[in-house]
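Work through the exercises below with the sequence and the model open beside you. Try each task before you read its solution.

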Amino acid sequence: MSEVVREPACGGILIVGAGGLGAPVVRMLLDADARDLTVLDPDTVALENLHRQILYTDADVGRGKAQVLAERFGLDARPIRLDAGNGAELIAGRDCVFDGTDNFADKYLLNDLCLAAGVPLVHAGAAQFRGQVLLIRPGGPCLRCLLPEPPDAATDECRWTGVFGPAVGVVAALALGEILRVRAGDETSGAVLMADLANGRLSRARLEPRPECACRGIPISGGVS
Ligand SMILES: [Zn+2]
C-alpha cells in the first residue's frame with residue numbers, strides 16, 4: 001500500500017455506512033485519490049459479508065470497520081452511528097453525503113437531515129437482485145417524493161431479505177457516478193437510476209417533486225424540521 005496523501009483531492013464527503021454499498025464506494029473514491037472522506041460505521045467486520053464488503057479481509061473479521069479503515073487507509077473513520085442527535089452536526093458543511101445504510105429509517109433520516117442542511121445526498125439502496133440510486137439536492141425531488149413515508153420496519157427488505165453481491169457492486173458504481181457529478185459541480189438531479197441484476201438491466205426514470213413534499217419547504221410531521 002502506498003503512503004497515504006492527506007491533501008484533499010475533492011470536497012468533503014461523508015460516507016454513512018461502510019458495508020456492502022459503502023465499502024466499494026470508499027474503495028473507488030480512494031482509487032480516484034479522494035482523501036477527504038469521513039466514514040461512519042459502528043459495526044464489526046463479519047465473515048458472511050466479506051464477498052461484497054471489499055475493503056476488508058479475513059484477518060479483519062471481528063474487528064471494528066472504522067478501526068480497520070483508519071489503520072489501513074488513514075481515513076477519518078469513526079465507530080459511530082449517525083442519528084437524529086448527532087446527524088446535523090456531522091452533515092453540516094459537507095460537500096456531499098453518501099447513504100450506505102441498510103434500513104429505511106436511516107435512509108429517511110439522512111434524506112431529511114441533508115435537505116435541512118442544504119447538502120447534496122446520494123441515496124442508494126439494494127435488496128435481492130435490485131437496487132436504486134437517487135441524487136437528492138435542496139429543493140428536491142427527494143426520497144419522500146418517491147415514497148412519502150418509510151415502509152414498515154417489518155417489511156424493511158434491504159435489511160431482512162439479503163442481497164446479491166454483484167447487485168451491490170453495480171449500485172455502488174452508479175452511486176459513485178453521482179458523487180463524482182456533485183464533485184464536478186454538475187447541478188442536475190431528479191433521476192432515479194435502477195439496476196436489475198435478475199434481468200441484466202439498467203434503467204433511468206425521471207422523478208418529479210411532489211408539491212406537498214417536505215423538500216418543497218413543507219415541515220415533516222414528527223420528523224426533522
Ligand atoms: Zn420530496
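The model is predicted, so local features need pLDDT of at least 70 and side-chain atom pairs count only at pLDDT 80 or more, while totals for chains, interfaces and linings use all residues. Residues are numbered from 1 along each chain as its sequence is written, and side-chain values use heavy atoms, with hydrogens and water left out.

**Exercise 1.** Find how many disulfides the whole structure holds, and explain the result for Cys 114.

*Solution.* Begin with the idea that a disulfide is a covalent bond between the sulfur atoms of two cysteines. The test applied here asks for a pair of cysteine sulfur atoms within 2.5 Å. A search of the whole structure with this test finds zero disulfides. For Cys 114, the closest cysteine sulfur belongs to Cys 96 and lies 8.3 Å away, which is too far for a bond.

Next, consider the surroundings, where buried means under 20% relative accessible area, exposed means over 50%, and partly exposed lies in between, with a 1.4 Å probe and protein chains only. Cys 114 has a relative accessible area of 2% and is therefore buried, and Cys 142, at 0%, also counts as buried.

**Exercise 2.** Determine how many aromatic pairs there are, and classify the geometry of Phe 129 and Phe 164.

*Solution.* Rings of Phe, Tyr and Trp (its six-membered ring) pair if their centres lie within 6.5 Å; planes under 30 degrees apart count as stacked, those over 60 as edge-to-face, and the rest as tilted. By this rule there is one aromatic pair. The ring centres of Phe 129 and Phe 164 are 4.9 Å apart and their planes meet at 45°, so the pair is tilted. The two residues come from distant parts of the chain, 35 residues apart.

**Exercise 3.** Decide whether Asn 103 is buried or exposed, and find which side chain it contacts.

*Solution.* The relative accessible area of Asn 103 is 4%, so this residue is buried. For the contact, look for a pair of N or O atoms within 3.5 Å, where within protein one must be able to donate a hydrogen and the other to accept it, and where residues adjacent in sequence count only if both atoms are side-chain atoms. The side chains of Asn 103 and Asp 102 are joined by a polar contact of 3.2 Å.

Technical notes: Helix = DSSP H or I, 4+ residues; strand = E, 2+ residues; numbered from the N terminus.
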